[in-house]
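This briefing is meant to be read with the sequence and the model side by side.

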Amino acid sequence: MVFFLIMAISLKAVSSTKSTIDYTHNDPAEQSLITFAKKLLGVKYKYGAASPSQGFDCSGFVHYVFKQFGITLPRSSSAIGQAGDNISLTEAKAGDIILFTGTNSAKRIVGHVGIVLSNNKGEELRFIHASSGKAYAVTETSLEGSYKKRFMKVIRVI
C-alpha cells in the first residue's frame, strides 16, 4: 500500500524536486505519513538507533518515517534542521518537522526533532517524537512547557 501511495503522489527525495502535496486539504499522503508514524508509538528510545526492532533516537525516528515514503533526510537533528523550507509555527501542518534545542534551552542549537501531528486553531500543536525523557519511547506530546521553551523552528520537506 505504501508503495502504491508513493507512486500515486510522486513523492521525491528532499535532494530532488519537492512534491506538490496540497497542505490546505486533508491530503492522503500527509495522513498516511501520520498514520504510519503513530504505528510506532511505544517503540523504545535508544540513542543512535533508527529501526523499530532496535528502537529510535529522535532523528532516527524522523529519518525512518520519511524514508518509508521515499524522502531521504539527513540522519542527525542538526542536519535535518538544514533541510526543507522554514515554515512559521502558525502555518505548521501535519507532516512538517518540528525542531528544538537539546535539553539545555540556553544553547540555541538544534538537538531534538519530531513530526507535527496537528496544529488546530485554539489547541496546542501536537507532535510525535522519540523521547529520551519520561516516556523513553516514541510518544505524542503537546507544544507546551519545556518544549515550548526549546522550540526553534518548523520545516517542510514534502
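**Salt bridges and overall picture**

Across the whole structure, which is a predicted model, a search finds five salt bridges. The chain has a mean pLDDT of 86, with 84% of its residues reaching 70 or more, but over residues 1-25 the pLDDT is below 50, even though this stretch has 47 contacts in the model beyond near neighbours in sequence. The fold includes an open sheet of six strands, and helices H2 and H3 both pack on that sheet.

**Charged pairs**

- Lys 38, Arg 126 and Glu 140 are linked in a network of salt bridges, and the two pairs described next both involve Glu 140.
- Glu 140 meets Lys 38 through their side chains in a salt bridge of 3.9 Å, N to O, and this pair links distant parts of the chain, with Glu 140 in strand E7 and Lys 38 in helix H2, 102 residues apart.
- Arg 126 also forms a salt bridge with Glu 140, in which the closest N and O atoms are 3.3 Å apart; Arg 126 lies in strand E6 and Glu 140 in strand E7, so this pair ties together parts that are 14 residues apart in sequence.
- Another salt bridge joins the side chains of Arg 75 and Asp 57 at 3.1 Å, N to O, linking the loop between H3 and H4, where Arg 75 is found, to the loop between strand E2 (55-56) and H3, where Asp 57 is found, 18 residues apart.
- In this pair Arg 75 counts as partly exposed at 29% relative accessibility, whereas Asp 57 is buried, with a relative accessible area of 7%.

**The sheet**

- The six strands of the open sheet follow the order E3-E8-E4-E5-E6-E7 with antiparallel pairing, and the edge strands, each pairing on one side only, are E3 (85-87) and E7 (138-142).
- From one strand to the next, the twist averages 40 degrees.
- Strands E4 and E5 run antiparallel and are joined by five bridges, with His 112 in E5 as the bridge partner of Phe 100.
- Strands E5 and E6 also run antiparallel, joined by three bridges, and here Val 116 stands opposite Phe 127 in E6.
- Five bridges pair E6 with E7 in the antiparallel sense, and the bridge partner of Arg 126 in E7 is Ser 142.
- Eight of the nine residues of E5 are buried, leaving this strand mostly covered; four of the five residues of E7 are buried, so E7 is largely enclosed by the rest of the structure.

- Helix H2 (residues 28-38) touches strands E5 (110-118), E6 (126-130) and E7, and its direction makes about 115 degrees with that of E5.
- Helix H3 (residues 58-67) touches strand E4 (97-101) together with E5, E6 and E7, and its direction makes about 45 degrees with that of E5.
- Ser 78 is found in helix H4 (residues 77-80) and counts as partly exposed at 42% relative accessibility; its C-alpha lies 8.7 Å from that of Leu 99, a residue 21 places away in sequence.

**Nonpolar cores**

- The largest nonpolar core has 32 residues, and those with the most contacts inside it are Phe 61, Val 62, Phe 66, Leu 73, Ile 97, Ile 115 and Val 157.
- The elements giving two or more residues to this core are H2, H3, E4, E5 and E6, and H3 gives the most, with six residues.
- Leaving aside neighbours within four places in sequence, the residues in contact with Ile 97 include Val 62, Phe 66, Leu 73, Val 113, Lys 153 and Val 157.
- A second, separate core has eleven residues, among them Ile 98, Phe 100, Leu 125 and Phe 127.

Definitions and conventions:
Residues are numbered from 1 along each chain as its sequence is written. This is a predicted model: local features need pLDDT of at least 70, side-chain atom pairs count only at pLDDT 80 or more; totals for chains, interfaces and linings use all residues. Side-chain values use heavy atoms; hydrogens and water are left out. Two strands pair if DSSP finds at least two bridges between them. Axes are lines fitted to C-alpha atoms, for helices over the stretch in contact, and angles run from 0 to 180 degrees between N-to-C directions. Contact means heavy atoms within 4.5 Å. pLDDT is the predictor's confidence in each residue, from 0 to 100. Buried means under 20% relative accessible area, exposed over 50%, partly exposed in between (1.4 Å probe, protein chains only). A nonpolar core is a set of buried Ala, Val, Leu, Ile, Met, Phe, Trp, Tyr and Cys residues joined through side-chain atoms within 4.5 Å. A salt bridge is a side-chain nitrogen of Lys or Arg within 4 Å of a carboxyl oxygen of Asp or Glu.
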